[in-house]
Amino acid sequence: LVLFSVLAFYIEFHHWFNMQEIRTRNENIEVKSHVAPSPITSWAQIEDQMNRINPKKARHFREFLESSEVDPVKGNSVEELDTTLDSLEDQRASLNSELIQKWRGNFEEAAATKNSEQHRSRTKEFATNAFTVKNLRKCKHVILDFGSNIGDSLIKIIDSSLPEFDSGVSPDGKKLHHSLNVKSGNVGDGVYDFRKGDPKWILPKWIKQTIHNYNVLKKNQFKTNHVHPEDYCFYGVEGNPHFTSLLREQEIQIMNMVPRPIRHIHFLTEHIGAGSDGPTILYLDTVNKKQNFWGSSIFNTHIDVVSSGPNTGVPVMGITLTRLLKETVLPGGHVLIKIDIEGGEYQLLEEAINSSIFCNLTRVGVKIDMLSEFHNAKVVGSEEPIKKWKEMEGEKKIKKCGVGYGWGKFTQFMR
């Protein structure tokens with residue numbers, strides 16, 4: 001019996017050792033395959049590379065923040081955080097240099113090829129898209145914002161995770177909620193009065209409640225750690241070209257924050273949610289200045305577009321919900337979709353239903369929650385899109401795929 005046990009242990013250990021060797025060999029092969037033919041230079045891609053090459057290092061910063069030893073009250077915690085970030089930055093810089101050097105070596109080798117045909121072919125291979133920019137990255141937890149306007153939705157999403165506090169200002173001692181000032185990085189410069197139903201708090205409240213519900217679901221089923229807004233990748237879609245520079249500035253500002261209050265951000269400026277991918281026209285609202293021209297629409301019959309007068313159309317790119325979901329979502333995660341696009345929601349959702357993207361994602365374990373403002377015929381200036389939506393039973397079809405609507409029902413804000 002003892003000999004049998006020893007023999008069994010030897011066989012099991014030998015199998016484990018061989019698997020470790022194979023795994024190490026595969027990882028080395030995988031690292032090489034990521035380098036050629038072109039380098040990866042954006043931070044998002046480098047972070048993905050780190051995760052594939054050394055997941056332990058990629059998780060280090062997250063583990064540090066989640067550690068109970070990190071106490072913001074203690075003075076040395078700031079120094080520890082800076083040290084950790086410097087270390088992570090050095091690792092990224094080192095990996096970036098390694099990728100560039102390997103690409104440069106491959107390019108020089110190709111350029112030295114004497115055969116003219118091979119020379120042209122190989123140099124073109126390494127020169128084409130050598131330094132690519134990839135703003136859309138696939139994430140397990142994603143927030144899609146159709147109709148980003150001035151980027152206030154992103155701030156409200158971040159605000160949803162900030163703590164509540166007693167202001168001590170109001171006689172009734174009402175609770176307020178912190179707000180982030182993007183330019184200063186300060187928290188508390190602005191507040192929401194959520195007890196009195198501040199309309200500005202509708203989106204943060206929905207985000208907070210929906211992520212909480214997702215955490216409860218995942219904890220009960222899979223015993224995983226809770227997620228928060230900083231674990232989500234955010235993609236905003238906004239067509240009005242007047243907001244392009246503002247949104248780009250906001251993206252850069254938040255992406256460079258330390259620590260970063262959201263995992264990844266990119267605004268698809270001069271893009272609109274549409275029923276098909278490709279060039280289209282957005283008709284601008286030029287009258288509602290206080291509301292940041294919220295009435296821009298794909299319909300030239302929209303009440304605010306009509307009030308703005310003729311010739312307000314501008315060329316933009318249409319992007320479908322199907323395409324954006326396919327390019328940003330990984331299986332087994334959570335997607336939050338907020339839609340407020342002045343009548344364009346009907347075409348956007350109709351296309352997604354026809355492509356079966358909702359059902360396809362929920363089949364691979366993706367939890368989808370949606371908050372959409374549906375605009376009536378008076379606002380849109382036409383009965384046709386609303387009539388078609390009702391005839392195709394759009395809400396019923398989306399619900400059949402398991403898509404969540406706010407707090408268990410399809411939340412409609414009509415105006």
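## Salt bridges

A salt bridge is a side-chain nitrogen of Lys or Arg within 4 Å of a carboxyl oxygen of Asp or Glu. The model is predicted: local features need pLDDT of at least 70, side-chain atom pairs count only at pLDDT 80 or more, and totals for chains, interfaces and linings use all residues. Residues are numbered from 1 along each chain as its sequence is written, and side-chain values use heavy atoms, with hydrogens and water left out.

The structure has five salt bridges. One of them joins glutamate 327 to arginine 323, at 3.1 Å from N to O. Both residues belong to helix α10 (residues 321–328), four residues apart, about one turn of the helix. Helices (H or I, at least four residues) and strands (E, at least two) are DSSP runs, numbered from the N terminus. Glutamate 98 and lysine 102 also form a salt bridge, at 3.2 Å from N to O. They sit four residues apart in helix α4 (residues 75–111).

Glutamate 327 is partly exposed at 31%, and arginine 323 is partly exposed at 36%. Glutamate 98 is partly exposed at 36%, as is lysine 102 at 33%. Aspartate 369 bridges to lysine 367, with the closest N and O atoms 3.0 Å apart. Here aspartate 369 is buried at 6%, while lysine 367 is partly exposed at 24%.

## Helix α14

Helix α14 spans residues 384–391 and buries Pro385, Ile386 and Trp389. Seen down the axis, these buried residues fall within an arc of 100 degrees, so they line one face of the helix. The arc is that of the directions from the helix axis to the C-beta atoms. Glu384 and Glu391 are exposed on the face turned away from the buried side.

The cover over the buried residues includes α11 (345–355), α13 (377–380) and α15 (394–400). Contact means heavy atoms within 4.5 Å. After α14 comes glutamate 393, with a positive phi near 55 degrees.

## The sheet

Six strands make an open sheet with parallel pairing, in the order β6-β5-β1-β10-β11-β12. The edge strands, β6 (264–269) and β12 (404–405), each pair on one side only. Two strands pair if DSSP finds at least two bridges between them.

Strand β1 (residues 139–146) pairs with β5 (residues 233–238) over five bridges. Phenylalanine 146 stands opposite valine 237 in β5.

## Disulfides

A disulfide is a pair of cysteine sulfur atoms within 2.5 Å. The whole structure holds two. Cysteine 139 is joined to cysteine 233, S to S 1.9 Å. Cysteine 139 lies in strand β1 and cysteine 233 in strand β5, so the pair ties together parts 94 residues apart in sequence. Cysteine 139 is buried at 1%, and cysteine 233 is buried at 0%. With -75 degrees about the S-S bond, this link is left-handed.

The other joins cysteine 359 to cysteine 401, S to S 1.8 Å. Cysteine 359 is in helix α12 (residues 357–363), and cysteine 401 is in the loop between α15 and β12, 42 residues apart. The torsion about the S-S bond of cysteine 359 and cysteine 401 is about -70 degrees, so this disulfide is left-handed. Cysteine 401 is buried at 12%.

Note on methods. Buried means under 20% relative accessible area, exposed over 50%, partly exposed in between (1.4 Å probe, protein chains only).
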